[in-house]
Amino acid sequence: MKPENKRTARIIIGSVLIGSALLFTAIVIDLLFSIKDVTATDKGIIITFVSFIDVLFIFLGIRSLVIGAKSYKVMKQGRIKEAKVISITKVNGSPTTVELVVSFYGESGKRYELTVCTFFANVRNIEVGQYIQCYVNGETGYIDTYNIKVVREKEEEINFE
């Protein structure tokens, strides 16, 4: 799958999550009022449970929509620049997730740091000090974690002793 499609998939997933939450709520409320044997206490418990699930789905859907739209915009309108890898650290509690921290320069020339989470398989060939491809739109940066490209190898440090 192309990286552009993966970013578009985030937007689709967000829309599906929000739509599913609303459809789930409508079905449960319809069932609650069509069944005569459900007491008021049971209805309250079920509505509370359904509300919790809905809030979770809507939160995940909105988060997915925002990330997908932001990354899609930066990728389409941004310029390709290079970003220096500052650190690669394993995320606690996850055997496959790592946190990648890079520094890049915005269009104003100001230096920024960007932290992204990705799978270890995506960064297994990346080393601290290398320069990778980064999309910059204004002062916002985006790293395509599905397709990380090394632009330049790390520079040798010169010791004057």
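Author: Helices here are DSSP runs of H or I with at least four residues, strands are runs of E with at least two, and both are numbered from the N terminus. The model is predicted, so to speak of local features a pLDDT of at least 70 is needed, side-chain atom pairs count only at pLDDT 80 or more, and totals for chains, interfaces and linings use all residues. Residues are numbered from 1 along each chain as its sequence is written, and side-chain values use heavy atoms, with hydrogens and water left out.

Start with G61, which sits in helix 2. G61 counts as buried because its relative accessibility is 0%; buried means under 20% relative accessible area, exposed means over 50%, and partly exposed lies in between, with a 1.4 Å probe and protein chains only. Leaving aside residues up to four places away in sequence, G61 touches G14, L17 and I18, where a contact means heavy atoms within 4.5 Å. G61 can also be set against A21: the two are 40 residues apart along the chain, and their C-alpha atoms are separated by 9.2 Å.

T25 belongs to helix 1. T25 has 18% relative accessibility and therefore counts as buried. With residues up to four places away in sequence not counted, T25 touches V50 and D54.

Now turn to the largest nonpolar core. A nonpolar core is a set of buried Ala, Val, Leu, Ile, Met, Phe, Trp, Tyr and Cys residues joined through side-chain atoms within 4.5 Å. The largest one in this model holds 15 residues, and those with the most contacts inside it are A83, L100, V102, I132, I143 and I148. Two or more residues of this core come from each of strand 1 (79–90), strand 2 (97–105), strand 3 and strand 4 (131–137). Strand 2 contributes the most, with four residues. In soluble globular proteins, nonpolar side chains tend to be buried together.

A83 shows what its surroundings look like in detail. Beyond the residues up to four places away in sequence, A83 touches V102, S103, F104, Q130, Y131, I132, C134 and I143. One of these, S103, deserves a look from its own side. S103 is found in strand 2. With a relative accessible area of 10%, S103 is buried because that value falls under the cut-off. The contacts of S103, again without residues up to four places away in sequence, are A83, K84, I86, R111, Y112 and E113.

Rings come next. Rings of Phe, Tyr and Trp (its six-membered ring) pair if their centres lie within 6.5 Å; planes under 30 degrees apart count as stacked, over 60 as edge-to-face and the rest as tilted. By this rule there are two aromatic pairs. One of them joins Y135 and Y142: the centres are 6.5 Å apart, the planes are at 40°, and the pair is tilted. Both Y135 and Y142 are buried.

For contrast, finish with S108, which lies in the loop between strand 2 and strand 3. Is S108 buried or exposed? S108 is exposed, because its relative accessible area is 54%. S108 and E139 are 31 residues apart in sequence, and from C-alpha to C-alpha they are 7.3 Å apart in space.
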